[in-house]
Amino acid sequence: MSKIRVCFLLIAVMFSCSDNEITAGATGTSAETDNTNNISLVARNYLNEVIAVMQNNSINKYTIDWNQLRHEAFGELDVNAQTIEDTYPGISKAIALLGDNHSLFITSTGSYINPHSNMCEGVSFSNVDVPDNIGYVKISNFNGSSNLDGMTFAQNIQDDIIAQDHSNVEGWIVDLRANTGGNMWPMLTGVGPILGNGTSGYFVDADDVEVSFGFDNGMSILDGNVVMELTNSYTLINPNPKVAVLLDNGVASSGEAIAVSFINRPNTRTFGNATCGLSTANTPFVLSDGGKLVLTTAYFADRDLNLFGEQIDPEIETSVENTLDTAINWIVN
């Protein structure tokens, strides 16, 4: 059993984006509480700096009352707050008020601040047995970068595909159960031969700006740019196979991005139970002290531009015990 508390997830699915450096704190506003006169300029500017990043970039920036958010965030500070560390209760409050259940804050010393209490629970099966005419690939979470470790992760997935592929394979099972997320690009690159070439999804921000992602002959692509590439990418013997994607409540964030990639793919069905509900993209913003606001900035959308942002329901709901067998029966019948 794999149980995850969302506050321990570092889900920056858009790793190809550069960190956005914020070098100047915003000035105070009248929305601050009446009890802030003793708060230092350092503390006041830092909390306003964080809130300014939120206001400019949050996926919910047009639905939040920012004066009220600022008022409540400053209300969490000690009346004599002096240091950046003294602003952390206000930052935690502001993150909670964003309402996205996915943003988090990392201090300059590497500590996490996340008020979300979502609990997601999934089951990761080992020694899965499938018929010889069905391929099976397990896509686990990956929390590293897209460099050597990511390349190795992606290559291991493709090696697993190569070892099982033969002319009699009727379809593939892609098992995402208990994939808690991390970096989506090694996952996407690895499973690409089964997913197929082309746009597989989008990030859509609060201004309805659409940024596509997908796979093309060994390369994972973001907005037409190569994020990651395997030089010896594999091509299936039987292209465009039937694909069954297995889901459960433990599939979160980047795991959900891979699930979205398969939605509306021809000859594809999803099986199992609803995912965790973090089907949104986070972007890291570096602050003036080196701290980092990992902010939810976009929804996932499938290849037909259907938006997500919450739990992804499988097309065929099953019990935990019957998910695999139901998927196998669909492929062979």
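These are my notebook entries on what I looked up in this predicted model.

**Entry 1, the disulfide**

I began with the cysteines and found that the structure holds one disulfide. C120 and C276 form this bond, and I read a distance of 1.7 Å between their sulfur atoms. I then checked where the two partners sit: C120 belongs to strand β5 (residues 119-122), while C276 lies in the loop between β13 (268-272) and β14 (280-286), so that the pair links distant parts of the chain, 156 residues apart. I looked up the torsion about the S-S bond of C120 and C276 as well, and because it is about 60°, I noted the disulfide as right-handed. Are the two cysteines buried or exposed? C120 is buried at a relative accessible area of 2%, and C276 is buried too, with a value of 9%; the cut-off for buried is under 20%.

N101 has a positive phi of about 60° although it is not a glycine, and I located N101 in the loop between α3 (88-98) and β3 (104-106). With 34% relative accessibility, N101 counts as partly exposed. N267 is not a glycine either, and its phi is positive and near 60°. I found N267 in the loop between α6 (254-262) and β13, where N267 is partly exposed with a relative accessible area of 43%. I also wrote down N264, which comes just after α6 and takes a positive phi of about 70°.

Helix α1 (residues 41-57) packs with helix α2 (residues 66-75) at an angle of about 145°, and the axes are 11 Å apart. I noted the crossing of α1 and α2 as right-handed. Which residues make the contact? From α1 they are R44, L47, N48, I51, M54 and Q55, and from α2 they are W66, L69, R70, A73 and F74. Sorted by class, I have seven nonpolar, two polar and two charged residues in the contact of α1 with α2.

**Entry 5, aromatic rings**

Last, I looked at rings whose centres lie within 6.5 Å, and by this rule the count comes to five aromatic pairs. One of them is F142 with F153, a tilted pair at 4.8 Å centre to centre, with 40° between the planes. F142 lies in the loop between β6 (134-138) and α4 (148-164) and F153 in helix α4, so this pair ties together parts that are 11 residues apart in sequence. I found F142 buried, and F153 likewise. Another pair, F203 with F300, is also tilted, with 5.9 Å centre to centre and 55° between the planes. F203 is in strand β8 (residues 198-205) and F300 in strand β15 (residues 292-302), so here the pair ties together parts that are 97 residues apart in sequence.

Technical notes:
Residues are numbered from 1 along each chain as its sequence is written. This is a predicted model: local features need pLDDT of at least 70, side-chain atom pairs count only at pLDDT 80 or more; totals for chains, interfaces and linings use all residues. Side-chain values use heavy atoms; hydrogens and water are left out. A disulfide is a pair of cysteine sulfur atoms within 2.5 Å. Helices (H or I, at least four residues) and strands (E, at least two) are DSSP runs, numbered from the N terminus. Buried means under 20% relative accessible area, exposed over 50%, partly exposed in between (1.4 Å probe, protein chains only). Axes are lines fitted to C-alpha atoms, for helices over the stretch in contact, and angles run from 0 to 180 degrees between N-to-C directions. A crossing is left-handed if the near helix is turned anticlockwise from the far one by less than a right angle, and right-handed if clockwise. Contact means heavy atoms within 4.5 Å. Ala, Val, Leu, Ile, Met, Phe, Trp, Tyr, Cys and Pro count as nonpolar, Asp, Glu, Lys and Arg as charged, and the others, Gly among them, as polar. Rings of Phe, Tyr and Trp (its six-membered ring) pair if their centres lie within 6.5 Å; planes under 30 degrees apart count as stacked, over 60 as edge-to-face and the rest as tilted.
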